[in-house]
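Hi,

Here is the structure I promised to pass on. Have a look at it first, and my notes follow below.

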Amino acid sequence: MNPTLTTVDAFTDRPFAGNPAAVCVLDAPAPDGWMQLVAREMNLSETAFLHPIDGGPRYRLRWFTPTVEVDLCGHATLATAHVLWEEGRLAPDATAEFETRSGLLTARRVDGWIELDFPAKPADRPVNPAELATIAEALRGPVVSARRNAFDLLVELADERAVRELAPDFGLVKGITPRGAIVTSRSSDPAFDFVSRFFCPNVGVDEDPVCGSAHCCSGPFWAARLGRADLLAHQVSARGGVLRLRVGPDRVALAGQAVTTFRGQLQGAAGF
């Protein structure tokens, strides 16, 4: 049977906003090369592939950009859980459970939102002054501070206007971080606690419209800065997206909404 692909806009309550992800539910594991080709064909920031483990209810979940497999992806996990409930593969009140490269991840429905339980990834490695100058040159913006975690660079800018107007040199950005650069500031809108954008050319995506896993880093940063665990974040890319965060010592609850925009079948590409 030809696999079904569903495109879901994640971290938004309306179509053509948030971050689109493709979701491919399989009966059994597929070859890595085939999944990478499908992800390249979809040409979205991530395509998610999953199959039930030993008949369910737990699933094995993997994420591919158009060029590489990644270790952690929030918006495609949210999109995947949305598809499982929408297609009746999970009961409405069931918890979605995913075995991934980043361990066991779960998703549940809470007040019309989907809440993901993800590992916290705080940026706990400061950069030195020379690195800070290189970062400012790559981002071409007013850098206040910068620090790293294992995946990304977290860069605080002066204000929301600086975040929105940033126009990085993506060639230079590739040299300053393994995966991507999160740029963030306090929000100028009192409805939100902080804003961000996420640039990740090293995985084939110059700017990710709304990145859940980046908030596993920015969430702990702002929770410590603001002195509270519950936050509302706005990723201010062109598409834009909203996330509710609850930051704990080792985990971050990321909540968002999702909208299906497309569903179809792969034709002549299912032979693997």
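Buried here means under 20% relative accessible area, exposed over 50%, and partly exposed in between, with a 1.4 Å probe and protein chains only. Helices are DSSP runs of H or I with at least four residues, strands are runs of E with at least two, and both are numbered from the N terminus.

Before going on: this is a predicted model, so local features need pLDDT of at least 70 and side-chain atom pairs count only at pLDDT 80 or more, while totals for chains, interfaces and linings use all residues. Residues are numbered from 1 along each chain as its sequence is written, and side-chain values use heavy atoms, with hydrogens and water left out.

Back to H2: its buried residues run from Gly74, His75 and Ala76 through Thr77, Leu78, Ala79, Thr80, Ala81, His82, Val83 and Leu84 to Trp85. Just after the helix, Gly88 has a positive phi of about 75°.

Which residues does Ala107 contact, leaving aside neighbours within four places in sequence? Counting heavy atoms within 4.5 Å as contact, Ala107 meets Ala81, Trp85, Ala94, Thr95, Ala96, Phe98, Ile114, Glu115 and Leu116.

**Two loop residues**

Phe16 has a positive phi near 70° without being a glycine. This residue is in the loop between strand S1 (4–10) and strand S2 (19–25), and at 63% relative accessibility Phe16 counts as exposed.

Asn43, also not a glycine, has a positive phi of about 55°. Asn43 belongs to the loop between helix H1 (32–42) and strand S3 (46–52), and its relative accessibility of 58% makes it exposed. For context, most residues other than glycine have a negative phi.

Over to you!
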